[in-house]
Amino acid sequence: MANKQTHFVAPENETPLMAVDSVTGDSQPSNLWLDAWRDMRRRPMFYISGALILLVIFVALFPGVFTAEPPNDKCYLSNSNAGPMWGHPLGFTRQGCDIFARIVYGTSTSLTVGILVTILTMGVGIVLGAIAGFYGKWIDAVLSRVGDIFFAIPYILAAVVVMSVFSHNRNVVVIALAIGIFAWPSTARVLRAEILRVKNSDFVMASTAIGVSRSRILWRHVLPNSIAPVIAITTMSLAGAIVAEATLSFLGVGLPSSFMSWGNDISQAQSDIRTNPMTLIWPSLALSITVLAFIMMGEVIREALDPKARASR
Amino acid sequence: MFGYILRRVLQAIPVFLGTTLLIYFMVFAMPGDPIVALFGDKGVNPAVADQLRHQYHLDQPFIVQYLIYIGGLFVGDFGTSFSGQPVANILAQTFPVTIRLAMLSLLFEMIVGIGIGLVSGLRKGKWFDNSALVMSLIFISLPIFVIAFVFQFFFAIKLGWARPTVSGAANWGELILPAIVLATVSIAYIIRLTRASVIDTADQDFVRTAYSKGLSRGRVVRVHILRNSLIPVVTFLAVDFGVLLVGATVTEGIFNVPGVGRTLYQAIIRGEGPTVVSFVTVMVLIYLVVNLLTDLLYAALDPRIRYGK
Amino acid sequence: MRNVKIGAALVAVAATVALTLTGCAGGGGNDNIITTNGSEPQNPLVTTNTNETGGGLILDSIYAGLVYYDAKGAPVNDMAESITSTDNINWDIKIKSGWKFTNGEEVTADSYVNAWQYGALLDNAQLNSYYFDIIEGFSYDKSTPLTGLTVVSPTEFTVKLAAPQSDFPLRLGYSGFYPLPKAFFDDPKSFGENPIGNGPYMLAEKGAWKHNVDINLVKNPDYPGARKPLNGGLDIVFYATLEAAYADLQADNLDVLAGIPDSALKTYKQDLGDRAVQQGAAVFQSFTIPERLAHFSGDEGNLRRQAISMSINRPELIQAIFNGTRQPAKDFTSPVIAGWSPDIPGSDVLTFNAAKAKELWAQANKISPWSGSFQIAYNADGGHQGWVDAVTNQIKNTLGIDASGAPYPTFGEFRTAVTDKTIATAFRTGWQADYPALANFLEPIYQTGAGANDGQYSNADVDALFLKGNSAKSLDEANKFFQQAQEILFKELPAVPMWYGITDGGFSTKVSNVAFGWNGVPILYNVVKK
């Protein structure tokens, strides 16, 4: 960020006058998303988090590379809660299943649920929240009240109904739907609030004055300036979705037990919390690291999208 | 302003009808016959089951059941639970407890979440920011029953600072521990949200202007940065209030709080239509009020936001 | 429909503000009150309409029936002077005089007969109505009075049964057979909120039942029976989870705890030391593979059921999943019941034997090759996932077939699928005894067309042995027939026995003399506060 220069009255974020006033007339019209992409590639954080995310995706796609243990076919109660041993680096669950193998094989389910839910809530939440906040009036009233209704439905009830309708073909998409369909209103509300604030900014008025169309103002100017809080909660809610899958499995409305998932492992480890907490900690750790990678990536994207943060560098 | 509030209040009517209809339909669509469950593992006496179905109108088509319920509401009858208790009484017993719990929890979220988030945002990338991130990660990736269990074990049983469970009175003091547990997950969100918002705001022109006017750093942070960063945070807190009202099932179970989450969960599992719908309806009404208040609060936080036309 | 003022709901919101200010404190000051864990009754507290443990615990404390069960499950006369019969059909019941309900009303033969008539009448839709189906005049189709009940005098009535029942006196301690005062018939609904009984305890006051919180009972000073409380009263606290109750016990906030949460099964004996209790209880767990499933009918089905039973290592499973707090099943009943035997011929099918299991499975495959996946359905809201997964893993490992659990989200959905016979998999079945008799574990489940015969099992020989047992002159003689019936059951395995329940529990440092009864319920009237 900016240097601290004590002899100025305004110490923060000092921008040289030339940079503000100069206009490069012959440059290409700037594309916000392209600029952001260029900016991202300059950051080490982007590569670290990107590498972690790629690793997790690789584990999800090719679990067999990482462990020779078929995780669900060799659960022997004689191994119940046994500690680590050769070939089983993390030990065993109460059911006598290999913890490491379960985590490796559970990656794809958990990651898919997390990402699908995030896409769903972000997609629906951003579109509806942006429209409600920007256009206001009756559009806002309708969209916000619809959001209220969806929000009010207890997710357990929703999950029981959705999962029962699909009781014979429960899969990751169905469970992502069950979690996501009632989770978007919070994203929508946060974005709507931020847009209410941003749409009164000077640059919006300026854009309107020079005749930029309303929808262009919204998607090109207002939205990028309002997206920071959405990114902040979205990267967190990725973890929320993975844990929610755990809760649903625990309540019997989740995936069948033939699907391995971190959530399933975490909820099943509940009864071992006093005696063998490691069965709980390992899948939680896998979850934490994945979420950390996405939070870091979210941070990079947020800064790249923020024109002010970019200009100051 | 008054016109705006009036309009919002009027909007509650379609929301109310929409919610009750939707929820009633969902309870109706739930597979399984709640009357069969009443017989436990024992045999079902078909004649008795028919009688009970008739008594609870479960032998009627969906829309008739719904209209009977709505009709009852107009004469002040919320229906009865399978245990023969008027739903109105259950509402009156559980909502005060849960609202107290939710308010306490919000208080913690506000103090801790906004505090840590603000410092994190102002010292982006420093050790404080990073350790706050690690802390939030721990709380968010552990399921709440673990946090509840650990807190209960250490603070209540080992250290004896609090009662491990909440008594029937569920007074403020007893609710502190479960409120903290409930707050932990949301605190992680509040921290991230406040931090992002503060970073965003700290870059704004008016902050630079404020500094250039010679205002002290403390004043700039308090009046300009924090106040302008609060809108998304306040929104999230309002959303979270709704979540806390119904979503505290697990925590209420572990601390034995006689509140909404636990009762509503039981009612859902048992397929008690009138109980579920009444709870969700009260919850929607509260939620509408909270949302109206937050929308009004936006205007207070940012004078550029105006309602009224 | 009940007319409730709309205000009550609005109070929900308003009261928050009020309670906020007062921060009101509750709880009793009486030191001689025993606190124990219970659960919110699922029905109004009416004897003929309570069929679950939450309400049963309360009713057993506030009512005295003709007999009660001692710790071993033997019937002891409570209000009965004598219960006699010469033919097991016509029973003469004499009751002690001078007993009163806590509202002062005398308990007479009418109090019993009217209560039973009420409970049996289909129009009254009482959940325990099936209890009276042994009495002459009962009908599952029409709302008809029990013609078999005759009041002889205020202290004597006769019962004529539809068929002989040698264990009839044994049944009479069940809460469905308690007497009811006139006040009940005047207003059953408000009675259900504030029941009036004749037992060792009574409700502390009107409104003592605080829903979802607790119920306060105090000693009934006028109770003349043998279950005289050694304490001043009971505070039965309704817990949503055993976790919460266990935490309270550890903090000495709860005096008597029945049940230990899964997470503490391994440690509770260390945690509590000599305050831990472990005792057999009349609970039987099994799973049922109905005949109508593909590959499970006739001889093929019997072979497969036996193979599946033998591929389960019950002791290993119980050790791993329950830390040894269950007892591997040896028959279809329970060891706390008089007449139980661990070595009925054929019971070796309950012993793990991988080689024999594979052999039987191969034999069945010769009749018709196996295809598909073996699944056991369970309700996910009841904590069954652990053992079902373990059982299916063992079956998978031993027989080499695909096997898994099939969760249903709610008990209601699960029971609906089971009782309307649409379920297309095996399913878990459990039985908690209503009264301590072998017959209660067998007849309701395996008799042709019986109420809880979820597997639609039917065997004329078994039915005939049940009939002989019921007509027998003595219980000992009856039990011989019931054992013979079990020999047949072992060949056909209408249910695959898994284990007997055990009650784990504990008590606080403030009380002594804590023991649990045959049904796993603590004998609360004997608990003494230090």
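A residue is called buried if 20 or more other C-beta atoms lie within 10 Å of its own, exposed if 12 or fewer do, and partly exposed in between, with C-beta atoms placed from the backbone. Helices (H or I, at least four residues) and strands (E, at least two) are DSSP runs, numbered from the N terminus. This is a predicted model, in which local features need pLDDT of at least 70 and side-chain atom pairs count only at pLDDT 80 or more, while totals for chains, interfaces and linings use all residues. Residues are numbered from 1 along each chain as its sequence is written, and chains are lettered from A and ligands numbered from 1 in the order in which they are written.

Let us begin with helix 2 of chain C, which spans residues 53-62. Because 8 of its 10 residues are buried, helix 2 of chain C is largely enclosed by the rest of the structure. The buried ones are G55(C), G56(C), L57(C), I58(C), L59(C), D60(C), S61(C) and I62(C). What lies over them? The cover includes strand 1 (33-38), strand 8 (201-203), strand 10 (214-219) and strand 11 (233-238) of chain C.

Now look at some strands of chain C. Two strands count as paired if DSSP finds at least two bridges between them. Strand 7 (residues 156-160) of chain C has partners on record here: strand 5 (residues 90-95) of chain C is joined to strand 7 by 5 bridges, and the two run antiparallel. In this pairing, W91(C) stands opposite V159(C). Strand 6 (residues 149-153) of chain C also runs antiparallel to strand 7, with 4 bridges, and S153(C) stands opposite E156(C). A hairpin through 2 residues links strand 6 of chain C to strand 7 of chain C.

In a regular strand the side chains alternate between the two faces of the sheet. Strand 7 of chain C shows a covered face with F157(C) and V159(C), and an uncovered face with E156(C), T158(C) and K160(C).

Further along chain C, strand 13 (residues 276-288) pairs in the antiparallel sense with strand 18 (residues 496-507) over 9 bridges. Here G280(C) faces I502(C) of strand 18. Strand 13 of chain C also pairs with strand 17 (residues 426-432) of chain C, again in the antiparallel sense, over 6 bridges. In that pairing T288(C) stands opposite F427(C).

D252(C) has a phi near 65 degrees, a positive value in a residue other than glycine. You will find D252(C) in the loop between helix 7 (242-250) and strand 12 (256-258) of chain C. Is D252(C) buried or exposed? With 12 other C-beta atoms within 10 Å, D252(C) is exposed. Q456(C) is not a glycine either, and has a positive phi of about 50 degrees. Q456(C) sits in the loop between helix 14 (438-446) and helix 15 (460-471) of chain C, and counts as partly exposed, with 13 C-beta neighbours inside 10 Å.

Next comes chain B. An automatic or database domain assignment supplies the domain bounds, and for chain B it gives domain 1 (32-77) and domain 2 (88-301). The C-alpha centres of these two domains of chain B lie 38 Å apart. Two residues are in contact if their C-beta atoms, placed from the backbone, lie within 7 Å. By that rule, 5 residues of domain 1 of chain B are in contact with 6 residues of domain 2 of chain B. On the domain 1 side, helix 2 (34-38) and helix 4 (62-74) of chain B each supply at least two residues.

How does chain B meet chain C? The contact takes 63 residues from chain B and 66 residues from chain C. Helix 5 (87-122) of chain B is one of the helices that supply at least two residues to chain B's side, and helix 5 gives the most, with 10 residues. For the classes, Ala, Val, Leu, Ile, Met, Phe, Trp, Tyr, Cys and Pro count as nonpolar, Asp, Glu, Lys and Arg as charged, and the others, Gly among them, as polar. The side of chain B that touches chain C has 31 nonpolar, 23 polar and 9 charged residues.

Finally, chain A has 13 helices and 0 strands, and buried residues make up 50% of its 313 residues. Where chain A touches chain C, the contact takes 20 residues from chain A and 21 residues from chain C. The chain A side has 8 nonpolar, 10 polar and 2 charged residues.
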